[in-house]
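Please look through the structure below, and then follow the explanation step by step.

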Amino acid sequence: MKNSPSDEKFMRLALRLARKGEGKTSPNPMVGAVVVKGKAIVGTGYHHRAGGPHAEVLALRQAGEKAKGAILYLNLEPCDHFGRTPPCTRAILKAGIKRVVAGMKDPNPLVSGRGIKRLKEAGLQVEVGICEGACQELNAAFGKGITTRTPLVILKAAVSLDGKVATRSGDSRWISSEASRRHVHRLRTRVDAVMVGIGTVRRDDPLLNIRLPGRRTARQPLRVVIDSRLRIPLASQIVRTAEDFPTLVATTPAAPLDKMGWLKKAGVKVLVTRGDRRGRVKLKPLMKELGLLGIQSVLLEGGPTLNAGALEERIVDRILLFVAPKIIGGRVAPGMIGGEGIWRMKNARRAEILKVRRIGPDLMIEAKPLYG
């Protein structure tokens, strides 16, 4: 059966519903579902949280008897295996759905295609691939996590119009607008971890939690500090609030044992991982360690040194750049990427611009690094 013009319309609705679960479903994907009978929507649902009912089940429950002979739209292939909940294919078949339109296959190689196959074998019409690009982007963190066991990394930076992240004295508060800073706090609600380097901690003493006016936040991201020698001050906000907010410091075997003990007493989880030849934490192996902890997405809010290391080790999947209409100038005022830099323009790293939008007076540019 050919896809009708309304298929995209209802898939877009399923995507909007799925996004309501942003920041709450990890390690599960975000899924929205719409049940349509004739031209009328008779049921909708989305996955609210990991361990809760899946979107299909909620939409079918709302549709009730009207689900018989109806079409089910969802942005991800329905599951056909037992997890915390029974297979959704069972509920679909029981409800009498005649056609299923899925935005994409489940990226999990162990289950991909099984739900589609089960439904087709039962005689249902099944189409896959409506708004596939948007569906893949929505669950990019889940897709990367389930296939590579490493998190999706978003490098966030705020720069002036001339590309500086601070003045020559190191002052960086504030380059971006209040509107951009609120947006970053909303971003923190959508990720599993926020990461900075020890330089940022020592210079800015950040808290790295979610602070949104008038909004209670039950879930806080894991705060990760890259600190190869454990130079983090015990009086820093991150250490003093470690009992209240989940906190991890990634270090190397060169770190002093007594400092590890003090941090652990303060409630900080200390992760000893591999160092490179310069004694710095190797970021790629660290991503594997975070993946084992169930971390599927990381917002990297570091300074020029950590940003350079992340791009050098190719762990960055997205770049989120807030460009403020300010000019700082100066030969020694730092830019967003540190390190030695390149010698010739032909060796410049390339990126694909995905989106550009206005946030208050600032521009937000979303890009994807292109690794050759």
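This is a predicted model: local features need pLDDT of at least 70, side-chain atom pairs count only at pLDDT 80 or more; totals for chains, interfaces and linings use all residues.

From the surface we can turn to the packing of helices. Two packed helices are described by the angle between their axes and by the distance between those axes. Helix α2, made of residues 55-63, packs with helix α3, made of residues 88-95, at an angle of about 20°, and their axes lie 9 Å apart. That angle makes α2 roughly parallel to α3, because angles under 35 degrees are counted in this way, and the crossing of α2 and α3 is left-handed.

Helix α3 also packs with helix α4, which runs over residues 114-121, and here the angle is about 25° while the axes are 10 Å apart. It follows that α3 is roughly parallel to α4 as well, but the crossing of α3 and α4 is right-handed.

The last stop is the loop between β3 (71-74) and α3, which is where L76 is placed. Is L76 buried or exposed? With a relative accessibility of 5%, L76 counts as buried, because that word applies to values under 20%. The C-alpha atom of L76 is separated by 36 Å from the C-alpha atom of G197, a residue that is 121 residues apart from L76 along the chain.

Technical notes
Residues are numbered from 1 along each chain as its sequence is written. Side-chain values use heavy atoms; hydrogens and water are left out. Axes are lines fitted to C-alpha atoms, for helices over the stretch in contact, and angles run from 0 to 180 degrees between N-to-C directions. Helices (H or I, at least four residues) and strands (E, at least two) are DSSP runs, numbered from the N terminus. Angles under 35 degrees count as roughly parallel, over 145 as roughly antiparallel, 65 to 115 as roughly perpendicular and the rest as oblique. A crossing is left-handed if the near helix is turned anticlockwise from the far one by less than a right angle, and right-handed if clockwise. Buried means under 20% relative accessible area, exposed over 50%, partly exposed in between (1.4 Å probe, protein chains only).
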